[in-house]
Amino acid sequence: MENKNDHLPSSVPKCPSPSTSTDTQDLLKSLLTCSICLDLFRHPVSLECGHNFCAKCINSYWNSGVPGSQPPLCPECRRRCDRRQLVPDTRLQNLLENMNLLQQNADSTQKPRDVCNREAKQLVQVNSRKDLTLSLEVLDQCLNHPQAKNSPVCLISVQGEQRTGKSFLLNYLIRGLQGMKSKDPQWMRRGSDLSEFQCEPGAKAITKGLWLWSQPFILQKDGRKVAVFLVDTEGTISLEQDKEMNAKLVAFSMLLSSHQILNVSRMVKETDLEYLEMCLHIAEEIGECFKMEPVQHLNLLVRDWFYPATFGKEAGQKHMIDVIQKISDRYPRIQKILKSKQACCYLLPFPGKKIPTSSNGNPEDMDPDFYHYLHDYITDVCKSSTQHVKRHSDGHILTGEELAENMKKLFSILQKKEFGYSSLFESVVTGLYNMRIIEAARKELEDFVKEQVNPQAFHCPSHG
């Protein structure tokens, strides 16, 4: 009988030595992944065409009755197969066992290098002169990672006012993405085995500049592999910041990411909209040169929402409609985005008294409502990440390598150009304050005029 192992592609690697690099191990794992369950082979079998699958997976596929499964066909090349010709692939099985043994030996001596490297790295620094510096080393290490370099990428960024829980949110996104990969329904309670974005209680800002998760989370949908990264951005609207510098930083974060989360406290405020409009203007002007839109997908996340006591996506959409109506014809860039299919809104309740003073935000410390809605929100963001890959405005899907090259050139232009927003933003904040004073004076004048026209309405009747 013919040995079905002879059909194996010549590219199947030999068992790696202990000195095998992390990148090679990642590539090896991708070759040892079943295209049906998207996990490492379990009892691999070889078809007549030479393709390999888990024994259980291929039989379940043929028994499922889905279109194309009958008569038995190879899910990869669609060649007709004979169930009786399935052969256990001892070569692949031995390779899997050897790889697991090497991994166990590495775990017993030291923490694997790829796990050590899975951490947040500073992509953009702000120096004492308030200048921005891009780390080309970090950019290349992340976006040119072997699993991202030639693959579509999704970058989820969190932006918003300082000390509103952005890093806390990113750490739960790490857990959610890990949970999707491991298919663990209890991912939120189990925590993460990785380093996380720095997150501490208190009034002092922690995140400075822009931070990027060093290695991608690899997700697959409809046979397409997407490398997902997380981006943490320095908080906005601080007395210590140079407003021009911060607006440029947020604009760069916008152009880098494909899924933006605008994290706001209690409600979408005038200052949130004003700052967002400025950043959109910068991102729009710079991004146009590289066919990059400032926003591909905008997610308004309102934290500590309290009235009315309805939360989640549906309640968020109602709040977004209310915001659109209130801003009328102001903020044209924001109006355009909020009215499109690019934007959505979600309302989260107050997390409970223990969370704001906790450095790790344990699920046990959360109010039940907050736990439920946070779980729902994180799950939705993680599942939708494969739909929000980075694209050019003409629809071209960017690989990690292409995005890295774009961002290097874009950052160089961003550094040199001045927009004059420092003084403008300060005047806007002052203007908002003055508008409140003017509004109070106008109300006082209206009451005075009404009193002169109808004095009886403004005086209590005499008791004398």
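Q: Hi! In what sense do β11 and strand β12 pair, and over how many bridges?
A: β11 and β12 (residues 343-347) pair in the parallel sense, with 5 bridges. Two strands count as paired if DSSP finds at least two bridges between them. Strands here are DSSP runs of E with at least two residues, helices are runs of H or I with at least four, and both are numbered from the N terminus.

Q: Where do the numbers come from, and what kind of model is this?
A: This is a predicted model, where local features need pLDDT of at least 70, side-chain atom pairs count only at pLDDT 80 or more, and totals for chains, interfaces and linings use all residues. Residues are numbered from 1 along each chain as its sequence is written, and side-chain values use heavy atoms, leaving out hydrogens and water.

Q: How many residues of β11 are buried?
A: 6 of the 6 residues in β11 (298-303) are buried. Buried means under 20% relative accessible area, exposed over 50%, and partly exposed in between, using a 1.4 Å probe and protein chains only.

Q: Which residues sit on which side of β11?
A: Leu298, Leu300 and Val302 are on one side, with Asn299, Leu301 and Arg303 on the other. In a regular strand, side chains alternate between the two faces of the sheet.

Q: New topic: how many disulfides does the structure hold?
A: It holds 0 disulfides, counting a pair of cysteine sulfur atoms within 2.5 Å as one. For Cys344, the nearest cysteine sulfur is that of Cys345, 7.6 Å away.

Q: Is Cys344 buried or exposed?
A: Cys344 counts as buried because its relative accessibility is 12%. Cys289 counts as exposed because its value is 56%.

Q: Last one: what is the strand order in the open sheet of 3 strands?
A: The order is β2-β1-β3, with antiparallel pairing. β2 (52-54) and β3 (87-88) are the edge strands, each pairing on one side only. Strand β1 (residues 44-46) is joined to β2 by 3 bridges, and Val45 has Phe53 in β2 as its bridge partner.
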